[in-house]
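Please read the following report alongside the sequence and the three-dimensional view. It moves from the core to a helix pair, and then to individual residues.

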Amino acid sequence: MALDLKKYIIKHNLNNFSIIGHSMGGKVAMQYACSNDLNSLNKLIIVDIAPKEYPEEHSYIFKGLDEVLKFSKSRKSAFGLLDSFIK
């Protein structure tokens with residue numbers, strides 16, 4: 001995503017710009033700032049995220065949602081699938 005951001009900035013010839021990122025957008029903004037020439041970046045604003053690794057606390061929820069997308073044919077079956085992942 002940081003590479004996509006870089007391509008967008010180059011394509012639109014942006015100079016003296018600011019980036020604001022929240023949550024995953026904050027991670028992308030920090031990655032961009034750490035791996036690019038910052039001469040054109042005026043401000044980097046990060047909201048509600050820190051430059052650290054977070055534990056995968058919710059991976060079981062995403063696995064359950066993935067199962068719903070793959071196998072569910074109705075709302076009832078979706079809830080049944082989720083019940084096996086989320087207590």
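Helices (H or I, at least four residues) and strands (E, at least two) are DSSP runs, numbered from the N terminus.

## Basis of the report

The structure is a predicted model, in which local features need pLDDT of at least 70 and side-chain atom pairs count only at pLDDT 80 or more, while totals for chains, interfaces and linings use all residues. Residues are numbered from 1 along each chain as its sequence is written, and side-chain values use heavy atoms, with hydrogens and water left out.

## The nonpolar core

A nonpolar core is understood here as a set of buried Ala, Val, Leu, Ile, Met, Phe, Trp, Tyr and Cys residues joined through side-chain atoms within 4.5 Å. Buried stands for under 20% relative accessible area, exposed for over 50%, and partly exposed for values in between, with a 1.4 Å probe and protein chains only. The largest such core consists of nine residues, namely Ala2, Ile9, Phe17, Ile19, Val28, Ala29, Tyr32, Ala33 and Leu41. Two or more of these residues come from each of helix H1 (2-11), strand E1 (17-22) and helix H2 (24-35), and H2 gives the most, with four residues.

One of the core residues, Ala33, touches Leu38, Leu41 and Leu44 when residues up to four places away in sequence are not counted; contact here means heavy atoms within 4.5 Å.

Asn36 is placed in the loop between H2 and strand E2 (41-47), and because its relative accessible area is 16%, Asn36 is classed as buried. The side chain of Asn36 is joined to that of Lys6 by a polar contact of 3.3 Å. A polar contact is a pair of N or O atoms within 3.5 Å; within protein, one must be able to donate a hydrogen and the other to accept it, and residues adjacent in sequence count only if both atoms are side-chain atoms.

Most residues other than glycine have a negative phi. Asn13, although it is not a glycine, has a positive phi of about 50°, and Asn16, likewise not a glycine, has a positive phi of about 55°. Asn13 is found in the loop between H1 and E1, and Asn16 also belongs to the loop between H1 and E1.

Asn13 is exposed because its relative accessible area is 61%, and Asn16 counts as exposed because its relative accessibility is 59%.

## The pairing of H3 and H4

The axes of helix H3 (residues 59-71) and helix H4 (residues 75-83) come within 9 Å and cross at roughly 145°. These axes are lines fitted to C-alpha atoms, for helices over the stretch in contact, and the angles run from 0 to 180 degrees between N-to-C directions.

On the H3 side, Gly64, Leu65, Glu67, Val68 and Phe71 meet Ala78, Leu81 and Leu82 in H4. Sorted by class, this contact has six nonpolar, one polar and one charged residues, where Ala, Val, Leu, Ile, Met, Phe, Trp, Tyr, Cys and Pro count as nonpolar, Asp, Glu, Lys and Arg as charged, and the others, Gly among them, as polar.

Ser72 lies in the loop between H3 and H4, and, leaving aside neighbours within four places in sequence, Ser72 is in contact with Glu67, Ser77, Ala78 and Leu81. The side chain of Ser72 reaches the backbone oxygen of Ser74 at 2.8 Å, and a polar atom of that side chain lies 3.2 Å from the backbone nitrogen of Ala78.

Ala78, in helix H4, counts as buried because its relative accessibility is 15%, and Ala78 touches Val68 and Ser72, not counting residues up to four places away in sequence. Ile61, found in helix H3, is partly exposed, with a relative accessible area of 25%. Ala78 and Ile61 are 17 residues apart in sequence and 13 Å apart in space, C-alpha to C-alpha.
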